[in-house]
Amino acid sequence: MRLAREFELEADARMALAQILGIMSDQAMTGDHARWDVGRLMEVEARLGITLGVDDIGQGPDDAAVVTIGIDDAALLLDGMAYTEIASADLPWIDMVRWTSNFVSTELRQHWTDDEWLSIAAG
């Protein structure tokens, strides 16, 4: 885990990430995206306090949890969101997918500087 940060993440954001991780896991298990390792996805899931297949992450929309993730974890989640958005482009609910992507991107990106994000992009 690179450049780890500890921060509070609302239940709604964690539920959105649970959906993204589920889509990524499905793709990884079918072999469509070999770059997504199921074990790594499960590690991120555990750090976010998410259990795939469980709908009730918190008791309500105000239930936040303190999570610790690295910038590499956030980049992985953003990659999964980009995949989901592209795969959903022709579906009637694309506006909701875009809204969710924007919401989660804002939640994740704010914890690292632009220079830190550029360092991840550079490899």
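1. Buried means under 20% relative accessible area, exposed over 50%, and partly exposed in between, computed with a 1.4 Å probe on protein chains only. By this criterion D73 is buried, because its relative accessibility is 0%. D73 is placed in helix α3, and its C-alpha lies 8.8 Å from that of L41, at a sequence separation of 32 residues. Of the 123 residues in the protein chain, 39% are buried.

2. The basis of the note is as follows. The model is predicted, local features need pLDDT of at least 70, side-chain atom pairs count only at pLDDT 80 or more, and totals for chains, interfaces and linings use all residues. Residues are numbered from 1 along each chain as its sequence is written, and side-chain values use heavy atoms, with hydrogens and water left out.

3. Confidence is expressed as pLDDT, the predictor's confidence in each residue on a scale from 0 to 100. The protein chain has a mean pLDDT of 84, and 89% of its residues reach 70 or more. Among the elements of the chain, the highest mean belongs to α3, at 92, and the lowest to α1, at 86.

4. Secondary structure is taken from DSSP runs numbered from the N terminus, with helices being H or I of at least four residues and strands E of at least two. The protein chain contains five helices and two strands. Read from the N terminus, the order of its elements is β-α-α-β-α-α-α.

5. Helix α1 comprises 20 residues and spans 29 Å between its first and last C-alpha, close to the expected 28 Å. The expected span is 1.5 Å times one less than the number of residues in the helix. Q27 belongs to α1 and is buried, because its relative accessibility is 16%. The C-alpha of Q27 is 9.8 Å from that of G80, although 53 residues separate the two in sequence.

6. L3 is located in the segment before β1 (5-10) and is partly exposed, with a relative accessible area of 35%.

7. A salt bridge is counted where a side-chain nitrogen of Lys or Arg is within 4 Å of a carboxyl oxygen of Asp or Glu. The whole structure holds six of them. One joins R40 to D72, with 3.5 Å between the closest N and O atoms. R40 is in helix α2 (residues 38-48) and D72 in helix α3 (residues 71-87), so this pair ties together parts that are 32 residues apart in sequence. R40 is partly exposed, at 24% relative accessibility.

8. Because R98 lies in helix α4 and E85 in helix α3, the pair ties together parts that are 13 residues apart in sequence. Both partners are partly exposed, R98 with a relative accessible area of 36% and E85 at 26%.

9. R98 also meets D95 in a salt bridge, with an N to O distance of 3.8 Å. Both residues lie in helix α4, three residues apart, which is about one turn of the helix. D95 is exposed, with a relative accessible area of 57%. Elsewhere, salt bridges that share partners join R40, R47, D72 and D73 into one network.

10. For the cavity and pocket search, a 1 Å grid is laid over the protein atoms alone: in a cavity a 1.4 Å probe fits but cannot get out, whereas a pocket is an open set of points with protein on both sides within 12 Å along at least five of seven lines. Lining residues have an atom within 4 Å of a point. Grid points are joined across faces, edges and corners, and a volume is the space filled by probe spheres set on the points.

11. The second largest pocket holds about 150 Å³ of space. Its lining includes A16, Q19, I20, I23, T84, S88, W93 and M96. Helices α1 (11-30) and α4 (94-109) each supply at least two of the lining residues. The lining divides into six nonpolar, five polar and no charged residues, where Ala, Val, Leu, Ile, Met, Phe, Trp, Tyr, Cys and Pro count as nonpolar, Asp, Glu, Lys and Arg as charged, and the others, Gly among them, as polar.
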